[in-house]
Amino acid sequence: MEGKANGAPLQHEIISGIGWSFAQLLVSQGFGFMTKLILARLLLPEHFGIIGMAIVFTGLINTINDLGMAAALIQFKQERLRRIHYDTVFWLSILFSLGTFVLLIVAIGPFAAWFYGEPMLTLVISVIGISVCLNPLNLVHRVQLTRELNFKALGIISSIGSVVAGVGAIALALMGAGVWSIVAQSVIATLVSIPLMWRTTRWWPRFQFSKAALRDVVGFGVYDALVRMAVFFTKNIDYLLIGWLLGAELLGIYTLAFLLTDTFRQQLMGVLNKVMFPVYGRLQDDITSVKTYYLQVIKYNTLVITPIMLLLLAFADPIVPWFFGEEWRQAIFPAQAMAVASIIHAVGGTSSGVLKGIGRVDLDFKIYVFNAVFIVVPAFYIGIYFYGICGAAIAVVIQKLSSRLIYQYYIRKLAQVYEWDIIQAAKPSFFGGILFLLVVFLSNLFSNEQSWVSFLAIVFLAGISYSLAAFIFVKSELQMLAHAIFKKKKVPTS
């Protein structure tokens, strides 16, 4: 099978993909993340709240803008894929994006302004819609680079766009542009990335369209688009309800808590998730290899995410008021609760990617719909209505727990991944986390000093303790990984 026959080349491609994706995370996502933190310092909670309101609507359009066809092209086996598939997807996505852009201006923008009672949203949504409309111009180019596992090129392009957009947004904020500095960030990043994508792939569309090619991608693509709609709705029901029930200021405060935890977790997990989806597609007939890689993803996701989230859990107060100001203090408890939720999510690895990779995108969709209708929506509505943004954060924890349990049931059936396998994979971060919290507890027990010096000292000791405890369990794997990177030899899998 492909996963076994070409084990060494695939392993090298995975390592290279993870390496370049991590580099992108540091430069592109990292710079983008730091830009948002700087903007939070320069702007007001209301500004972030207005953007949060707009994203509820523009984000949904952006989520389905390619009708799931990009995921279908990535998942296709090589022998099925033809040039006509690329051309057909390109032109259809262009037409669909133009239609959605008109819809944003004519209907969605005015409706959002009426729904939230924020007249400014009409224009904000229209401007953000520019990037939504332009994204399909490099859809096929992203697909080609992803299929080739050429994450070096993707990382460089994304990094350039992120840096240029971030610098522009900060400059606008310093000049007093307010909410428009955040709006400009997404538009600038898209405008910069499009010509770079075209130059890298050297692919130009031909004026041809095939109904047969369209049928090939629609089956998988429609399900993938539905899954992404369900995912987006599940992830943004809190923004919708908070903006509607509590207003822009509290939504902005909640947005900061989400940015520090779940958004950060998404960016970190995205390094492995982005690489592993096309890998699962290649290995869809080799369930043993799928299981092996899935457990490795859990191990390394939890290793990286756990200490960062424990840091926020232990030190959200004083981090939030010290860095962002007293007006953001209400974000402390939501950040702590969502730090716990992020750790729970990390233990789930790439469950959704596994189901899509092995061709069960229909099951992925059903899981999301069930979880959204029967658990997520009721939990968020009750939590927000009675307990505000703190209730919303608790609902996030409930959402992650329920999703983790449901996905595990099917991952066990389809990929033979059992609960004990996951416990073993997460063992390094589990023991490291216990030592981390123990150091924090003892440090606070014997010292009541509240200063940046004592804070940094405790963080340093806790981080070293976590690293040493985790290193005991992954020492041999890290040695083999380093050997593979520098000597270009195969990394044995376990």
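Predicted model: local features only at pLDDT ≥ 70, side-chain atom pairs only at ≥ 80, totals over all residues.
Of its 494 residues, 54% count as buried, and the chain exposes about 21,700 Å², of which carbon and sulfur atoms supply 69%. Among contacts between residues at least 6 apart in sequence, 84% join residues that are at least 24 apart.

Confidence was examined for the chain and for its elements. The mean pLDDT of the chain is 81, and 83% of the residues reach 70 or more. Among the elements, the highest mean pLDDT, 92, belongs to helix 13 (residues 332-347), whereas the lowest, 41, belongs to helix 1 (residues 2-5). Over residues 1-7 the pLDDT stays under 50, and for this segment the model has nine contacts beyond four places in sequence. Over residues 488-494 the pLDDT likewise stays under 50, with 18 contacts beyond four places in sequence in the model.

Helix 15, spanning residues 361-415, contains Lys-400. This lysine has a relative accessible area of 7% and is therefore classed as buried, the cut-off being under 20%. Leaving aside residues up to four places away in sequence, Lys-400 touches Asp-262, Arg-265, Ala-341, Ile-344 and His-345. With His-345 there is also a polar contact between the two side chains, at 3.1 Å.

Helix 5, which covers residues 83-116, bends by about 50 degrees at Leu-104, and is followed by Gly-117, a residue whose phi is positive and lies near 70 degrees.

Positive phi values also occur in residues other than glycine. In Arg-202 the value is near 60 degrees, and the residue is located in the loop that runs between helix 9 (179-201) and helix 10 (211-245). Because its relative accessibility is 60%, Arg-202 counts as exposed, the category that begins over 50%. Gln-416, which is not a glycine either, has a positive phi of about 55 degrees and is found in the loop between helix 15 and helix 16 (419-446). The relative accessibility of Gln-416 is 35%, so this residue counts as partly exposed.

Methods
Residues numbered from 1 in each chain as written. Heavy atoms only, no water. Helix = DSSP H or I, 4+ residues; strand = E, 2+ residues; numbered from the N terminus. Buried < 20%, exposed > 50% of the residue type's maximum accessible area, 1.4 Å probe, protein only. Polar contact = N/O pair within 3.5 Å; in protein donor to acceptor, adjacent residues only side chain to side chain. Contact = heavy atoms within 4.5 Å. Areas by Shrake-Rupley, 256 points an atom, 1.4 Å probe, with all protein chains shown as cover. pLDDT = per-residue confidence, 0-100. Bend = angle between axes of the 7 residues up to and from the residue.
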